[in-house]
Amino acid sequence: MSFRRLRALCWKETLQIFRDPSSNLIAFILPMAMMVIFGFGLNLDSSRLHLGLLNESTGAAANGLAGAFVHSPSFEVRVFHDRGEMDAALTDSKIRGYVVIPQDFDRILQSGGESAPVQVVADGSEPNTARFVDAYSNGIWSSWLTSYYEDRGKTLPRDIEIEPRYWFNPSTRSRNFLIPGSVTVIMTVVGALLTSLVVAREWERGTMEALLASPVTRPELLLSKVIPYYGLGMVSLLLCVAVAHWLLGVPFHGSLPALVLVGSFFLLSVLGIGLLLSTVTRNQFNAAQAALNAAFLPATMLSGFIYEISSMPVFLRGVTHLIPARYFVSSIQTLFLAGDLWEVLLPDLLFLMGASALFLGLTARSTRRRMD
C-alpha cells in the first residue's frame with residue numbers, strides 16, 4: 001500500500017464531497033430535518049387528554065373531586081349533564097374517556113371512607129391512551145383523597161405505601177428515551193446513503209476505468225472511499241447529539257470519548273453496508289433504494305428504538321441480533337441516560353466491531369480490478 005496514493009485519493013474524494021451538493025444535503029440538511037421531525041413529532045407521552053366529566057352529586061366532596069379533575073394539567077375536561085350525550089362523545093372520539101361521580105358519593109365517603117365509588121370509562125380502541133386515562137384518573141383520585149383526609153385531621157388508612165423511584169429518567173419523559181434512539185436511525189440512513197452512491201457514481205461517470213488502469217490497489221481504493229465519509233459522518237453524528245442535548249433538552253451523562261468510540265464502529269458498519277450495495281449494484285438509483293430498504297426499515301422496526309424487542313416473536317428477536325442499529329440504540333441510550341456504563345457498552349462495542357469488519361470485508365471481496 002502506498003500512503004502517498006491513499007492520501008491523494010482521499011483528497012480527491014474530499015474535493016468531490018465539497019463539489020457534490022447531494023453529499024452535503026445528506027450529511028447536514030437531512031439529519032437536521034429528521035432531528036426536528038423526530039424531536040418534536042415523536043412523543044409517546046399523552047398530555048392534555050380530552051376527558052368527559054359527569055357529576056351526579058351536589059355534595060361538597062363530589063364538587064371538590066370534580067374540581068381536581070377540571071384543574072388537572074393532564075386533562076382537558078368537558079363537563080356533561082347527561083350520560084347519553086357523554087357516551088355519544090366517546091363513540092365519536094371527541095373525548096378519550098369519562099369520569100362519573102355518583103349521587104351517593106358524599107354519603108358513602110362520610111360513612112365508609114375510601115371505598116366511595118367513582119366510575120372511569122376509557123376508549124379501549126387506543127390501548128395506550130386508555131392506560132393513560134386510567135393511570136391519571138387514579139392519580140388524581142388518590143391525591144384528592146389524601147388531601148380530603150388531611151383537611152379533616154385524619155390519616156388515610158393504607159396497608160401498603162408505594163413510593164416510586166424512576167432511575168435514569170426521573171422526569172419519565174419518553175423523548176429522553178426516543179431521541180437518542182432516533183439519532184441511531186438518522187445515522188443509519190445518512191451513513192448508508194453517503195457511501196451507497198460513491199462507487200456507483202464512478203461507474204456511471206466512467207471514471208472507474210481510469211482508476212482500474214492506474215496502479216491503485218484494492219485496499220487503497222476501498223479506504224479512500226471510507227475515510228472521507230467517515231469524517232463527514234462523525235461530524236453529522238456530533239451535530240445530531242448536540243442538537244438533541246442543547247436544543248431538545250435531552251440530558252447527556254456520558255463522555256465524548258465513549259460516544260466517539262462507539263459511534264465510530266457503528267458508522268463504519270453502516271458505511272460498509274452502503275459501500276457494499278454501491279459496489280454490487282453499480283447504479284446510484286438502485287444503490288440508494290437498496291440502502292434505504294436495508295438500513296432504514298430494520299433500524300426503525302427492529303432496533304428497539306420504538307418497539308420493545310422482548311415483546312416480539314422469538315424469530316424476530318433472533319433477527320434483531322444481526323442488526324447493528326440494535327446495539328447502537330442500546331449504547332447511545334445508555335450514554336445519554338446513564339453515562340459510561342462499560343458493562344453495557346462493551347458487548348455492544350464488540351458486536352459493532354465485528355459488523356464493521358464483516359461489511360467492509362464483504363465490500364473488499366466484491367471489489368474487482370476488472371470491468372466485468
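These legends describe close-up views of a predicted model.

**View 1. Confidence along the chain of the predicted model.** Mean pLDDT for the chain is 86. Of its residues, 94% reach 70 or more. Helix α14 (residues 324-337) has the highest mean among the elements, at 94. Helix α9 (residues 208-213) has the lowest, at 71. Where pLDDT is low, the predicted coordinates should not be read in detail.

**View 2. A salt bridge joins K225 and E13.** The closest N and O atoms of the two residues are 2.9 Å apart. K225 sits in helix α10 and E13 in helix α1 (residues 3-19), so the pair ties together parts that are 212 residues apart in sequence. K225 is buried, at 2% relative accessibility. E13 is buried too, with a relative accessible area of 2%. K12 joins E13 and K225 in a network of salt bridges. The structure holds seven salt bridges.

**View 3. R96 and E126 form a salt bridge between two loops.** Their closest N and O atoms lie 3.2 Å apart. R96 is in the loop between α4 (83-91) and β3 (97-101). E126 is in the loop between β4 (119-122) and α6 (127-151). The pair links distant parts of the chain, 30 residues apart. E126 is partly exposed, with a relative accessible area of 33%.

**View 4. R107 forms a salt bridge with D104.** The closest N and O atoms are 3.4 Å apart. R107 is exposed, with a relative accessible area of 54%. D104 is partly exposed, at 29%.

**View 5. S303 is buried in the loop between α12 (284-301) and α13 (314-320).** Its relative accessible area is 2%. The S303 side chain reaches the backbone oxygen of A299 at 2.4 Å. The S303 side chain also reaches the backbone nitrogen of F305, at 3.3 Å. Leaving out residues up to four places away in sequence, S303 touches P298, I309, A325, R326 and V329.

**View 6. T300 lies in helix α12.** T300 has a relative accessible area of 15%; with the cut-off for buried at under 20%, T300 therefore counts as buried. Neighbours within four places in sequence aside, T300 is in contact with V185, F305 and Y307.

**View 7. M1, F3, L223 and I227 form a nonpolar surface patch.** Together they have about 400 Å² of accessible area. L223 belongs to helix α10 (residues 218-247). L223 is partly exposed, at 31% relative accessibility.

Note on methods
Residues numbered from 1 in each chain as written. Predicted model: local features only at pLDDT ≥ 70, side-chain atom pairs only at ≥ 80, totals over all residues. Heavy atoms only, no water. pLDDT = per-residue confidence, 0-100. Helix = DSSP H or I, 4+ residues; strand = E, 2+ residues; numbered from the N terminus. Patch = residues over 30% accessible without salt bridge, like charges linked within 9 Å, V, L, I, M, F, W, Y side chains within 5 Å. Areas by Shrake-Rupley, 256 points an atom, 1.4 Å probe, with all protein chains shown as cover. Salt bridge = Lys/Arg side-chain N within 4 Å of Asp/Glu carboxyl O. Buried < 20%, exposed > 50% of the residue type's maximum accessible area, 1.4 Å probe, protein only. Polar contact = N/O pair within 3.5 Å; in protein donor to acceptor, adjacent residues only side chain to side chain. Contact = heavy atoms within 4.5 Å.
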